[in-house]
Amino acid sequence: MADNTRTIEIEVLRYHPEQDTEPHYQTFSVPFADDWSVLQGLQYIKDDLDSSLSFRWSCRMAICGSCGYMINGEPKLGCRTFLRNYYPHKVRVGPLDHFPIERDLVVDIDDFVGKLEGIKPYIIPREPRTLEQGEYLQTPAQRDQYEQYSSCINCLLCYAACPQYGLNPGFTGPAALALLHRYNADSRDEGWEARSEIVNAEDGVWRCMLVGYCSEVCPKGVDPAHAINQNKVNSTLDYFGVLKFLMPKGAAK
Amino acid sequence: MSARKPYVRPMDGWWRRNPFFMRYMAREASAVFLAVYAVILLVGVFRLSQGKAAYDAWLAALTSPLSILFHLVALLAVAYHAYTWWKVMPKTMPMLHVGGRRIPEITLSAVGWAAWLAASLIVYVLVRGL
Amino acid sequence: MKRANEPIFWSLFGAGGVVSALLGPILILITGVIVPTGSGVPPGAMAYPRMLALAQSWCGKVVLLAVISLFLWHAMHRIYHSLHDLGIHGGAGAAAICYGIALVATLATAYLLLIIGF
């Protein structure tokens, strides 16, 4: 290491269910290079100080969505957050808010996975398409309508950011509803009816209070708050039976 | 036998833990001031229906220091509501494009803020003109 | 999944939100600060004969009803949902009280504006 290596204190939440009744914080002194991410800090702890520290990570380049943590109380990706920006202060790393803690920084995300599967994340055409019909044609403008919502990496920072999800775990939630909108907004899809039960439910778009923190923390610019709140209008039009006049494409079940 | 024992953290005091949430709660709290003001107006209409003496008493009550203080605080609160309302309004609208380019959300908000200013000026001019 | 009836209340919330985001601050400033302190407007801006004439006109009635009613539908919807944010689970009872206030105020204002005459 270089002579001018600095040391930072990283305070990590620990919870080993086989021996702990409650989580507690443990502080480690971590020497770091200027370009180190918080993830690299955690890896140093695991490699050199305490191999029992558990945390998820993979690509270390903000595309896999594995390394979401609460860093000084804000949901962030560990690989995209840098120790130099906190030095000389302590960095407090905890598991993503609003999820049950399995072990250390690892949370139980089964609820989210179920919701993602439940919103029918695939093109629902009006009729099944044959090979002879060839490929779908889509203009750049049509692609624009859903592209940002397709950028979600399922990192769950938005769920950690959403107090409504924390208060009501039944809420479908930002990422799932953003993906739902990604399909509804796709010109190849005509599945509004098929997905409407989820959209129109109390735990659908109506649990959202437009706190807006989800869009603030999203590392990919998905803007789930936009996806959800546009659909409050759609859900309202659907409720009063007028949506079908604005959606000439119609519905597929 | 599984050793899993997922730990669920309580939500108590969640909004005090982050300035973003504090601002959200301030926005929500503005509704209390708006509600009280609307009731003050309702009482005014009621007094108006009871005749000049009753209405003048309501008008006089508005000149008390307590009333003026309330209205100053309410003004700040409801102004914060108005500011944040137009700020988030674009989130309820579909994406808009002009000449192939996306209209930025801040532009839409600016239209809202401008409408707020225009409406305020119109009301003030109308009241002055009376 | 149970379909929410939220659209009704959200629509009223939205209408009230727009009206209060345009007129709320200026009305509070005028009726609550400027007129009571006698600054910035001619004296008698809110005098009885003038306000009576306003309340007796169709235009005035619509504006007064819209302002009072929609301000409250907006505010009570927000207050109701904020109870939940604060950990107060009032359920159907809280909803009845909150929206009940808005409804009663709407009906009362309409009634008063009628008996005030034309």
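Because the model is predicted, local features need pLDDT of at least 70 and side-chain atom pairs count only at pLDDT 80 or more, whereas totals for chains, interfaces and linings use all residues. Residues are numbered from 1 along each chain as its sequence is written, chains are lettered from A and ligands numbered from 1 in the order in which they are written, and side-chain values use heavy atoms, with hydrogens and water left out.

Chain A is divided into domain 1 (6-107) and domain 2 (110-246), with bounds from an automatic or database domain assignment. Taken over C-alpha atoms, the centres of the two domains of chain A are 31 Å apart. Their contact (heavy atoms within 4.5 Å) takes 16 residues from domain 1 and 16 residues from domain 2.

The size of an interface is often given as the accessible area lost when the parts come together. Domain 1 and domain 2 of chain A bury about 1,200 Å² between them, and 68% of this lies on carbon and sulfur atoms; buried area is the accessible area (1.4 Å probe) that two parts lose on being put together, summed over both. On the side of domain 1, A:P75, A:H98 and A:F99 supply 48% of the area buried against domain 2, more than any other three residues. Between the domains there are zero salt bridges, a salt bridge being a side-chain nitrogen of Lys or Arg within 4 Å of a carboxyl oxygen of Asp or Glu. On the side of domain 1 that touches domain 2, the elements that give two or more residues are β3 (68-71) and β4 (74-77) of chain A, where strands are DSSP runs (E, at least two residues) and helices are runs of H or I (at least four), numbered from the N terminus. The most comes from β4(A), with four residues.

At the interface of the two chains, 40 residues of chain A are in contact with 24 residues of chain B. The area buried between chain A and chain B is about 2,700 Å², with carbon and sulfur atoms giving 55%. In chain A, A:L210, A:V211 and A:H226 lose the most area to chain B, together 19% of what that side buries. Four salt bridges are counted between the chains. In the salt bridge of B:R4 with A:E102, the closest N and O atoms are 2.3 Å apart. Of the elements on the side of chain A that touches chain B, α9(A) gives the most, with five residues.
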